[in-house]
Amino acid sequence: MIFCFPYNWKCDKELRELTNCGRLFAYPNIPTPSKCERIILDSGAFALSRRKGYMTRAYMEDLSKHYQLHADDKTICAAPDVVRDPFKTMRNFKDWIASGKYADITPVIQSSLKGRFDVSEYTYQIDFYTSEYHVKSMMFSNRSRADEAKVSGIGKVFCYAKSRGVEYIHMLGAGWDLQDVLDWATIPCLDSIDSTSYYNLGCTDRYGSKDPIANAKIIISALSKLSER
């Protein structure tokens, strides 16, 4: 599993030089050159929800153009999701494809429950996207720490998605401190996670440094050591 570091303008120059990791750029941020192996372009749904905004048709038109301009062969583009609303998210995906927008998008699996998820709700969405659209990548919107997600059976959900033909799985907003990052890395069938925790306030307690780049290197090193065991 790799950690995808969300864009932060204060340390972007240094982030560009990191390897054995990924990057995430939430719309409308434009991706910068990177040595990382995976680039995720996010729809900006989380920030939009915090502003009590909506995924309008105009927003989605601009998002489609953004993906067309900036996606390449190592990029995964998030579908226009709606936070905590699986059914609006599925409807947006269906409308997006039907209207001929940027085709190579990745569905986002949402949970309607705060702080946890329901396995049947997740598998319903997985079946929808794999049966109707045969998607090869999938994102999940995180609601909890890894230890809580394990108890709820998230590993089985991820592996079920892989059994349905999904090749790459990313968990959005996961890894709130170093231990949580390492716990997510032990969950089967998960390929990458992201979190702004490496640069947010309180990161000293979470990773051991006030410097975001030092924290990023700590995460990469810890994941590398874990994979060698």
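The legends below describe close-up views of a predicted model. In this predicted model, local features need pLDDT of at least 70 and side-chain atom pairs count only at pLDDT 80 or more, while totals for chains, interfaces and linings use all residues. Residues are numbered from 1 along each chain as its sequence is written, and side-chain values use heavy atoms, with hydrogens and water left out.

**View 1. The open sheet of nine strands.** The strand order is β5-β4-β3-β2-β1-β9-β8-β7-β6, with parallel pairing. Helices (H or I, at least four residues) and strands (E, at least two) are DSSP runs, numbered from the N terminus. Two strands pair if DSSP finds at least two bridges between them. β5 (105-106) and β6 (108-109) stand at the edges with a single partner strand each, so one side of each has no neighbour in the sheet. Strands β1 (residues 2-6) and β9 (residues 192-194) run parallel and are joined by three bridges. Within β9, Ser 192 stands opposite Ile 2.

View 2. Five of the five residues of β8 are buried, where buried means under 20% relative accessible area, exposed over 50% and partly exposed in between (1.4 Å probe, protein chains only). In a regular strand the side chains alternate between the two faces of the sheet. Tyr 168, His 170 and Leu 172 lie on one side of β8, Ile 169 and Met 171 on the other, and all are buried. β7 and β8 run parallel and are joined by five bridges; Ser 137 has Tyr 168 of β8 as its bridge partner. With β9, β8 pairs in the parallel sense over two bridges, and the partner of Met 171 there is Ile 193.

**View 3. The β-α-β unit that contains helix α8.** β8, helix α8 (residues 178-185) and β9 make a right-handed unit. A crossover is right-handed if, with the strands pointing away from the viewer, the path from the first strand over the helix to the second runs clockwise. Cys 189 is placed in the loop between α8 and β9. Its phi is near 70 degrees, a positive value in a residue other than glycine. The relative accessibility of Cys 189 is 26%, so the residue counts as partly exposed.

**View 4. The largest pocket.** This pocket has a volume of about 1,000 Å³. Of its 35 lining residues, Phe 46, Gly 173, Asp 194, Ser 195 and Thr 196 are the closest to its centre. The elements that give two or more residues to the lining are β2 (22-26) and α2 (45-50). The largest share, four residues, comes from α2. On a 1 Å grid over the protein atoms alone, a pocket is an open set of points with protein on both sides within 12 Å along at least five of seven lines, and a cavity is a set of points where a 1.4 Å probe fits but cannot get out; lining residues have an atom within 4 Å of a point. Grid points are joined across faces, edges and corners, and a volume is the space filled by probe spheres set on the points.

**View 5. The largest cavity.** The count comes to one cavity of 30 Å³ or more. About 40 Å³ of space lies in the largest cavity. Its lining includes Phe 117, Tyr 122, Arg 143, Met 171 and Trp 184.

**View 6. Loops on either side of β2.** Asn 20 lies in the loop between α1 (12-15) and β2. Although Asn 20 is not a glycine, its phi is positive, about 55 degrees. Asn 20 is exposed, with a relative accessible area of 54%. In the loop between β2 and β3 (38-42) is Pro 28; the peptide bond from Tyr 27 to Pro 28 is cis, with omega near 10 degrees. Glu 37 is also placed in the loop between β2 and β3. At 46% relative accessibility, Glu 37 counts as partly exposed. Leaving out residues up to four places away in sequence, Glu 37 touches Ile 2, Asn 20, Cys 21 and Lys 74, contact being heavy atoms within 4.5 Å.

**View 7. Leu 226 in helix α10.** Helix α10 (residues 212-227) holds Leu 226. At 22% relative accessibility, Leu 226 counts as partly exposed. Beyond residues up to four places away in sequence, Leu 226 touches Leu 182, Ala 185 and Thr 186. Leu 226 and Thr 186 are 40 residues apart along the chain, with their C-alpha atoms separated by 8.8 Å.
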